[in-house]
Amino acid sequence: MYRVNPIALWGIFAAALVVASAWSLVTGALHIPSRELVAVLKQGLGFSAIEPVPLHLEITLLQIRLPRLVMALLVGAALALSGAAIQGLFRNPLADPGLIGVSSGAALGAVSIIVLGDTLFSSWVWLSGRWALPVAAFVASLITTLVIYRISTRSGYTQVATLLLAGIAINAIAGAATGLLTFIADDSELRSITFWSMGSLTQSSWQDVAAMLPFIVIPLLLLPLFAPALNGFLMGETVAEHLGFPIRWVKRCIILLTAMAVGAAVAFSGVIGFLGLVVPHLLRLVIGPDHRLLLPASALCGALLLTVADMFARTVVAPAELPIGLIMAIIGGPFFLALLLSPALKPGGVA
Amino acid sequence: MLRTENLRISLTNKRTTTPHLVENVSLAFKPGELTLILGANGAGKSTLLNALAGTRVRHPALQQQGRVTLDNQDLAQFPAKELARRRAVMPQQVQLDFPFKVHEVIAMGRSPYGMDSQSQRITDQAMALLEVDHLQHRDYPSLSGGEQQRVQLARVLAQIWPHGDKPRPQADHEAGHVKRHRVLLLDECTSALDPAHQHQVLDIIKQFTTPDIISCAVLHDLPLAARYGDRVILMKQGRVIADGTPRQVLTADNLAATYDLRTRILQHQEVDHPIIVGLGRATQRGLP
Amino acid sequence: MKVWMLPLCLWALSALSTAGSAYAGDETRVISIDGSITEIVYALGAADHLVGVDTTSRYPAAAQALPNVGYMRQLTAEGILSLQPSLVITTAEAGPVAVLEQLDQAGLRVETVTTDSSIAGVYAKIRRVAQLLAMQERGEELIGTLQSNIQTLQAQLYDRRWQAPPKVMFLLAAGNHGVMLAGKNTHADAMIQVMGGVNVVSDFNSYKPLTPEGGLQTLPDIIVVADTGSGGQAPASERVLERFQLLQHTPAARQKRVITADSMLLLGFGPRIDQAIEAMAPAFYVSR
């Protein structure tokens, strides 16, 4: 199959990312005249103000749109990169962080806080306030990952089939527990759960960005280092070991790093599906399955896609907003079906 | 030299211990020699080969006792990357569903060294040696079984290619005292090939087995074993029951004991190896 | 990472710069984020100042034509700012906190009105909103009218009161399915108290799905069905009685003390509370 030069593709993605970021900053429900826009940015960069800019414009740009843009870039890159790495680890192009139960574990943590926050965990919520939900989601995703890893690993030997089956079981258990919580939830809590489960970047603030930064940047920097090992994994664990990769270490690191990235992303932006599934899949068709090219390209493309999707989310029904998870599902669902149906697009299905 | 010392491998559950898959095997494999391991299905050949490869991550129920050493160093003590530079393994089957190009698959054999110009050159040479260079831009999953097998062999050979490792100071220092042999392990590497390619591949392996290469292959084909083996080992139920040159080992009695097979061994003036004709099973059991 | 490059892009855009800020500060532009507050703004005759509402503002119909800033618990700062309001009136239920903080940072006046589910609470709410809109006199007028209406209605209810307070079942009928039973600490419960009844539910808070048998056990004297607006079909009470056949054997159904009204009217605790009382009153008159 024909392949695009990866360097050219990276270039295109990087350029598109800059354009999309700029575009995302200038569009929104609130119209910001370009003169004010430039003035705000000049102020932000430390130039003295020529003329005072209305406060609400400055706040919108620097405290609302900019952190949100950074959040979209980080979450998009993290989800797509984790998806690519997990698919490589499981040698399964349909694998997804959701598949091994990380997302549903995080969702259970978040829903517990929404429903039980003001009764069971009241003192704790009072302690951590607005951080309660992200912290709970993150902790829950890490616990889920460790439990699944523990179940599927015996004396250092991780059985991928067991891992997948454990993931299914954990998904079912977490789903049932979440269902139980929605059952005892009241009306307004239900609305909150629904919105959270559809994903949103609405609340992004600089504090949120700062809090999630390490959890996303560390996987973003470290996961690409495992690209050669992931290539080896595609031929099976034994082959990877015979090629000299320390496969226990590699598996542990990849599982932990992806749990970290996905947990942080889910914690701050709710459940945003399909990104981790569709982006690597699509890129494999264009630049091939080599993880050394695929992982950076996935991060760039994921960031790009989520930035653009968030722009839609913010503007389509302005001044209200659509949940971004909904937009991703609308794009991703049909695309994924087309992928399954089209023999030419199946991984490896080239006659 | 690659040695096993009192190697025992068993499958141990909490409840039951099955008979040993490999029983008390002590063998020494010599450089420059192609050793072929033969035996009935389930005789422990692949298990032995895996132990020779020093495979560390294996099924938790598999228990291994005894040592495997390469040049007097325990395989368990080799750093993973160093071991990968010294031995390459071709498994029975490699399932790769992702659309890597053929040249990318072969280049993966160079993973322990990194992708430099030397690795690039060796990838090309390995591709040429196995005559798969015309396939190099094809997607691996689209190849036939036989083509895939030759590509995998090219990958495995590239991993321990002659002069493929950068000379390292320590290695130079040791060179005077310790010979650094490389090990080639093959598990049924001809199973998907047509007769001509079977001969081609074994011929290549034989040529590749230079004095600093130790080669060991599991094989099912008796005529091929007779033709290409420098040494043949027969295994049954985890034990070695015969070990020697093809002429010494491939006798009607030994084969009857190994396979429950009736054979006649012929000689022909044009060839210098025994010709084995299978006649049928030794013990007949009719349909009920 | 790419953020530092933005000024370059925006530099180019500045060439196209034309108009200045259209932000008007002197005129009161109000966003109401609560259905009952929106009703109060309309009742005060201040609809001209209203520039945006939330999804719970469904009455009067004109409010639905205004720009909608979304659900009151999932507000977005920029959406609200884009309507350039000078005042946002909301209740403690609005959120998320982070968004309200952002609005505060942007220098926007966000006023939170305390809500108490009682008649006195309605008066307090009207008084507060009127004060925020600098329409105190109009507010007192409105309260006066409400007070006299409610006094009349309550006098009638007192004349035809029950010996012991009637047991009331309050249901929320959403669409064709999903009938919810109101528990303690709900607006519905507060409304039952306003009407002088007691809730049949005493053992849970908030709303729970109604089960066929659970309905009958409680033997309500009166059933109130709040229609959440499925539109275009038979009255919600008929649909509910049809689905939950056992309810037809309750004292309420036998004596035809089942009433339906719009949920916003019944549960809003807004300036239409007199109408809500009037709508429910007939079912609460004791039969002689």
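Hi everyone, let's start with chain C, which has 12 helices and 10 strands. Before I go further, please keep in mind that this is a predicted model. Of the 288 residues in chain C, 43% count as buried. If you take the chain C contacts with a separation of 6 or more, 60% of them come from residues 24 or more positions apart.

Now to the place where chains B and A touch. How many residues does each chain bring to the contact? Chain B brings 29 residues, and chain A brings 29 residues. On the chain B side, helix H2 (80-86) and strand E6 (87-90) each supply at least two residues. H2 of chain B gives the most to that side, with four residues.

Let's move over to chain A and look at one helix, H13, residues 275-287. I like this one as a quick geometry check. Which residues of H13 in chain A are buried? The stretch A:Leu275, A:Gly276, A:Leu277, A:Val278, A:Val279, A:Pro280 and A:His281 is on the list, along with A:Leu283 and A:Arg284. What covers those buried residues includes three helices of chain A: H3 (55-89), H14 (291-315) and H15 (324-341). Following H13 in chain A comes A:Gly288, with a positive phi near 90 degrees.

My last stop is a strand in chain B, E3, residues 34-39. Is this strand enclosed or exposed? Six of its six residues are buried, so E3 of chain B is largely enclosed by the rest of the structure. You can see that on both faces: B:Leu34, B:Leu36 and B:Leu38 are buried on one side, and B:Thr35, B:Ile37 and B:Gly39 are buried on the other.

And which strands does E3 of chain B pair with? Here are two partners, E8 and E9. Strand E8 of chain B, residues 213-218, runs parallel to E3 and is joined to it by four bridges. In that pairing, B:Leu36 stands opposite B:Ala217. Strand E9 of chain B, residues 231-236, also runs parallel to E3, with five bridges joining the two. There, B:Thr35 stands opposite B:Arg231.

Methods. Residues numbered from 1 in each chain as written. Chains lettered and ligands numbered in written order. Predicted model: local features only at pLDDT ≥ 70, side-chain atom pairs only at ≥ 80, totals over all residues. Buried ≥ 20, exposed ≤ 12 C-beta atoms within 10 Å, placed from the backbone. Contact = placed C-beta atoms within 7 Å. Expected span 1.5 Å × (residues − 1). Pairing = 2+ DSSP bridges.
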